[in-house]
Amino acid sequence: MECWYLLLTFALSLSSSYSQGNWIFNEKRTGTNAPARGLGAKEHFQIVTQHNRLRSRVNPMAANMQKMEWSEKLALLAQERAASCSMSPAPREPHPDHVGWNTHLSTEGMNSFADVIDHWFREGRDYNYLTGRCEGNSTCQHFTQLVWATSSRVGCAQRLCHVGAAQWELFACAYSPGGNWEVNGRMVVPYKAGAYCSLCTSDMSGCFRLWDHVGGLCETPRNPCRMSCGQNGQLNVSSCQCHCAPGFTGRFCQVRCSVQCVHGRYKEEECSCLCDVGYGGAECSEKLQFPFHSCDVRIDGECFMVSPQADTYYGAKARCQEKGGILAQIHNQKVQDILAFYLSQLETTNEVTDPDFETRNFWIGLTYKMSKDSFRWDSGETPTFTSFAFGQPDNQGFGNCVELQAASAFNWNDQRCKTRNRYICQFAPEHIALWEVGR
């Protein structure tokens, strides 16, 4: 216990620091820069411990703040970033993990990593959670990235940079999934306020709290799967689901299925077709017309439209298909964060032409397939990312269609498919390219 206490005390001993903002100083350099210093296991522990301690201390308290873990992959990215000694901003796209960044430059020997992290957190004094803005001319993006609730991995590096006769020390931390997203000109707030751990997702249903934490942090339970698959399938330990060999489906991968598609691809998981662009219907034989649309939210080239009317799950699915789209599919934390923020800003009656809806929730294109004993997107894909609310899915009322639930910060809930919800349609770039006025 004394060793752990000494490590924590050392990691969290802070002094004053000063920051150059999110980017790194860009000067014409002379001489040779020192290589980016790889941090040892002790420093990894100190950095992660300090992040988690500070993330537990946000005000107002966070209901969905996740526990941070060290990532060697992100540490390598941070070393590459530090090695540039450049002011140029790091590219955010098209990196598959949507990496976010915090960087800091100071005179050699003036600051430790603990000082720098503490300085980033102190930016929160100027951050107004209610407005989602930084007061005055200050910058708060280091703070909002450090406390971005759904960022769960961090990797850092530091480097000595020679600029003329001066020596500067550069600190960089990479975060995944990243944060500081903007939707329709407004910054997404970094976390949901509320009692700690009250809005953890089902994947992060554990609550981590130490003696020096003010609040708790959502973490992934370490319970192993207690199931097995048949001879024609393989168990995915991370999702506790069976992945069947081609031609097989069902709980033990014992069911075979086939169907013919005219203009589309056969979806073995649900014995149906995924239509080519421009075609619809059960057999993808109907040529679709593409009216002009305007997007409510654009994310990475995809268009998301929130319906003004309500329908059952399958009615909503048909309405999206009639427009040449699909019920929305959420494949990463960035899309989840942005849609949850956008929906939270909508009034319950916003642009609603059909008031006959039962909840304030929104259908997305995910259902439970009995033949697979797992949730699948309407495209037939197995989810690689989920954001079920705590305690979900629970199959209460035989629910096997998935909605974004307002009461759970628009995390996911399984619901009866006959429930009348509003819904979100999604259009890919190839669909958008076909939209023409009057066509």
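A salt bridge is a side-chain nitrogen of Lys or Arg within 4 Å of a carboxyl oxygen of Asp or Glu. This is a predicted model, in which local features need pLDDT of at least 70 and side-chain atom pairs count only at pLDDT 80 or more, while totals for chains, interfaces and linings use all residues. Residues are numbered from 1 along each chain as its sequence is written, and side-chain values use heavy atoms, with hydrogens and water left out.

**View 1. Asp 118 and Arg 122 form a salt bridge.** Look for the closest N and O atoms, 2.4 Å apart. Both residues sit in helix α4 (residues 113–122), and being 4 residues apart, they are separated by about one helical turn. Helices here are DSSP runs of H or I with at least four residues, strands are runs of E with at least two, and both are numbered from the N terminus. Asp 118 is buried at 12% relative accessible area, and Arg 122 is partly exposed at 24%. (Buried means under 20% relative accessible area, exposed over 50%, partly exposed in between, with a 1.4 Å probe and protein chains only.)

**View 2. Lys 67 meets Glu 219 in a salt bridge.** Here N and O are 3.4 Å apart. Lys 67 lies in the loop between α2 (41–55) and β1 (69–70) and Glu 219 in strand β10 (residues 217–219), so the pair ties together parts 152 residues apart in sequence. Glu 69 joins these two residues in a network of salt bridges.

**View 3. Asp 300 and Lys 334 meet in a salt bridge (2.8 Å, N to O).** Asp 300 is in the loop between β17 (297–299) and β18 (302–306), and Lys 334 is in helix α7 (residues 333–345). Asp 300 is partly exposed at 43%, whereas Lys 334 is buried at 8%.
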